[in-house]
Amino acid sequence: GNTFPLVSSDNFDIGYSAAKYLIGKGHKRVAFYLTTVQSSSVKERIRGYKQAQLELLQKTDPCFVLEEDYTDNGKSLSAWLEKNPEITALISVAGKPANLAIRAIGSTGKEIGKDFDLFVIDDEVFSDYKTNRMIPVILQDGNRMGYAAADELFREATKGECGTDISVPFRFDLR
């Protein structure tokens, strides 16, 4: 939604790849756990997530896009998962939401990697889920994005060319 050139990962493909991976593991109901849907990057991830569901399951259900309250320590997510036992996998953004998801999943009596899967987008340095080898993560390369942005700004400044949007590849980390 910006009017200036942007360097980012392909957020549509991030959401699509995460959902496709979990559906490929046999999950028929995958929830996307979010704390906000305000940014264009999150909206693109949701769009990719829904597209993968449509292509692979011929259905999508927007009620699985959750908005969590940070102050309840994952209790509302736990309650939602208990009311929706058909959900067998969850996609979450990294950091506090992913850590709350781990607590919420555990509180329902399910175990990540055995009877429930969690997939994390945007790896971060100090997070509890890093110790769990059963959680796949999509890594965005912040350094590469920074270099691409600097190169683009330099090109624009020295050659007077208009900037362009740049998409930087991401990768799975399947621990």
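This is a predicted model: local features need pLDDT of at least 70, side-chain atom pairs count only at pLDDT 80 or more; totals for chains, interfaces and linings use all residues.
I started at K25, which counts as partly exposed at 44% relative accessibility. My cut-offs here are under 20% relative accessible area for buried, over 50% for exposed, and partly exposed in between, with a 1.4 Å probe and protein chains only.

Residues are numbered from 1 along each chain as its sequence is written, and side-chain values use heavy atoms, with hydrogens and water left out.

**Whole chain**

I looked up the secondary structure next and got 5 helices and 8 strands for the protein chain. These are DSSP runs numbered from the N terminus: H or I with at least four residues for helices, E with at least two for strands. Along the sequence I read β-α-β-α-β-α-β-α-β-β-α-β-β.

How much of the chain is buried? Of its 175 residues, 39% count as buried. The accessible surface comes to about 9,400 Å², and carbon and sulfur atoms hold 53% of that; the areas are Shrake-Rupley values with a 1.4 Å probe, and for residues only the protein chains shown count as cover.

I also checked contacts, meaning heavy atoms within 4.5 Å. Among the contacts in the protein chain with a separation of 6 or more, 69% are between residues 24 or more positions apart.

**Salt bridges**

My rule was a side-chain nitrogen of Lys or Arg within 4 Å of a carboxyl oxygen of Asp or Glu. How many salt bridges does that rule give? I count 3.

Back to K25: its side chain meets that of D117 in a salt bridge, 3.1 Å from N to O.

The next pair is R47 and E44, where the closest N and O atoms are 2.9 Å apart. I placed both in helix α2 (residues 40-57); they are 3 residues apart, which means a separation of about one helical turn. R47 is partly exposed at 47% relative accessibility, and E44 is partly exposed too, with a relative accessible area of 28%.

Then there is K114 with E111, a salt bridge of 3.6 Å from N to O. K114 counts as exposed at 66% relative accessibility, while E111 is partly exposed at 42%.

**D117**

I wanted more on this residue. Is D117 buried or exposed? It is buried, with a relative accessible area of 7%. D117 sits in strand β5 (residues 117-121).

Which side chain besides that of K25 makes a polar contact with D117? I found H27, at 2.6 Å between the two side chains. For a polar contact I took N or O atoms within 3.5 Å; within protein, one must be able to donate a hydrogen and the other to accept it, and residues adjacent in sequence count only if both atoms are side-chain atoms.

Setting aside neighbours within four places in sequence, I list L22, K25, H27, T88, A89 and L90 as the contacts of D117.

**Helix α5**

I tested the length of α5 (residues 142-159): at 1.5 Å a residue its 18 residues should span 26 Å, and the end C-alpha atoms lie 25 Å apart, which agrees. The expected span is 1.5 Å times one less than the number of residues.

Which residues of α5 are buried? I get M145, A148 and E152. They cover an arc of only 65° around the axis, so they are on the same side of α5; I took the arc from the directions from the helix axis to the C-beta atoms. On the face turned away from that buried side I noted the exposed residues N143, Y147, D151, L153, F154 and A157.

Just after α5, I found G160 with a positive phi of about 70°. E161 is in the loop between α5 and β7 (166-167), and it is partly exposed with a relative accessible area of 36%. Leaving out neighbours within four places in sequence, E161 contacts R155 and E156.

**One more phi**

Where is Q58? I located it in the loop between α2 and β3 (65-67). Q58 counts as exposed, at 61% relative accessibility.
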